[in-house]
Amino acid sequence: MENNTRYLPTDDLLLNCEYVSSNGTFLHEICTHGIISPKLTKAVLEKRNKHYVGKEESQIAPVMANDLKSMYSDGIFSDTELRTSTQTFPAHKSILSARSPVFRRMFSSDMKEKSSGRVDIIDLEDDTVHRMLLYIYTDTLEDLQLENACKLYAAADRYELLSLRSRCSSFLKDNLCPTKVCDVLALADRHQDDNLKSCVQDFILVHDKEVFGSQEWKDFMATNLELAADTMYRKVFPG
């Protein structure tokens with residue numbers, strides 16, 4: 001028998017089964033089943049399990065992510081498309097539906113997106129749609145900057161991509177700066193994200209002289225007077 005030393009180390013048949021599942025991130029487990037001979041000691045089993053799991057674990061997630069990225073970038077077997085005002089992005093209803101409750105409702109009801117085979121999103125920029133789709137297919141983010149993270153956050157909120165929204169929020173919190181903080185504060189308020197809003201206001205109060213004395217803050221007050229007043233109120237009456 002070919003590979004008999006691998007599968008019959010003690011004249012007992014061992015079956016190595018690979019199980020792959022996903023809930024947004026790629027996971028896998030190698031399970032070993034069989035009738036175990038007393039000769040096959042616990043130490044040997046642990047060594048075998050460590051060998052199989054360690055060998056596959058570092059390979060399967062990147063391979064699957066790359067395959068899904070190819071499906072997206074090459075439009076393989078696509079059955080719908082997302083259209084901005086300047087570009088069309090081929091996509092797959094099943095993948096969009098699995099990741100976004102909004103897309104799922106579109107494709108499972110009598111909405112026009114189901115019958116037309118396209119989703120028109122002319123108010124989003126091409127770069128934002130591309131980044132959103134890349135995340136939907138591969139769970140990855142590439143070259144985030146504060147400006148495109150704000151736009152991606154808004155798209156994630158619209159399509160109920162909660163994990164993407166959370167990751168964008170974390171990025172924004174970690175990369176706040178006095179010259180851009182007004183944009184993030186307005187974003188948090190517009191999307192009713194109290195956690196992000198509170199973090200931004202705390203940042204402003206720590207850097208109050210730099211922020212309140214900036215032209216960006218003066219422009220912000222002209223269009224968001226109530227929000228600006230609420231932030232400054234926290235400076236006068238903390239807590």
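Contact means heavy atoms within 4.5 Å. Residue numbers start from 1 along each chain as its sequence is written, and side-chain values rest on heavy atoms, with hydrogens and water left out. This is a predicted model, in which local features need pLDDT of at least 70, side-chain atom pairs count only at pLDDT 80 or more, and totals for chains, interfaces and linings use all residues.

**Figure 1. The whole chain and its confidence.** The chain holds 13 helices and five strands. Helices (H or I, at least four residues) and strands (E, at least two) are DSSP runs, numbered from the N terminus. Of the 239 residues, 35% are buried. Buried means under 20% relative accessible area, exposed over 50%, and partly exposed in between (1.4 Å probe, protein chains only). Among contacts between residues at least 6 apart in sequence, 55% join residues at least 24 apart. Average pLDDT, the predictor's confidence in each residue from 0 to 100, is 81 for the chain, and 74% of the residues score at least 70.

Figure 2. Over residues 19–42, pLDDT stays under 50. The model still has 47 contacts beyond four places in sequence for residues 19–42. Residues 47–60 also stay under 50, with 17 such contacts. Where pLDDT is low, the predicted coordinates should not be read in detail.

**Figure 3. Helix α9 and its cover.** Helix α9 spans residues 181–190. Seven of its ten residues are buried, so α9 is largely enclosed by the rest of the structure. The buried residues are V181, C182, V184, L185, A186, L187 and A188. Their cover includes α7 (146–158), α8 (162–174), α10, α11 (208–212), α12 (215–223) and α13 (225–236). After α9 comes Q192, with a positive phi near 55°.

**Figure 4. K197 in helix α10.** K197 sits in α10, which runs over residues 194–206. This lysine is buried, at 18% relative accessible area. Beyond its neighbours within four places in sequence, K197 contacts L185, A188, D189, L227 and D230. Of these partners, L185 and A188 are among the buried residues of α9.

**Figure 5. The largest nonpolar core.** A nonpolar core is a set of buried Ala, Val, Leu, Ile, Met, Phe, Trp, Tyr and Cys residues joined through side-chain atoms within 4.5 Å. The largest one has 51 residues. L82, F103, M132, L133, I136 and Y159 have the most contacts inside it. Domain 1 (62–143) and domain 2 (176–238) both give residues to this core, so it lies between them. The domain bounds come from an automatic or database domain assignment. M132 touches L82, F103, L152, A155, Y159, L161 and L164, leaving out residues up to four places away in sequence.

**Figure 6. T80 in strand β3.** T80 belongs to β3, residues 80–83. T80 is buried, at 5% relative accessibility. Its side chain reaches the backbone oxygen of G117 at 3.2 Å. Residues touching T80 from beyond four places in sequence are F89, P90, A91, H92, K93, L96, F107, G117 and R118.

Figure 7. A disulfide is a pair of cysteine sulfur atoms within 2.5 Å. By this rule the model has zero disulfides. C177 is in none; its nearest cysteine sulfur, on C150, is 9.8 Å away. C177 is partly exposed, at 25% relative accessible area. C199 is also partly exposed, at 29%.

Terms used
Polar contact = N/O pair within 3.5 Å; in protein donor to acceptor, adjacent residues only side chain to side chain.
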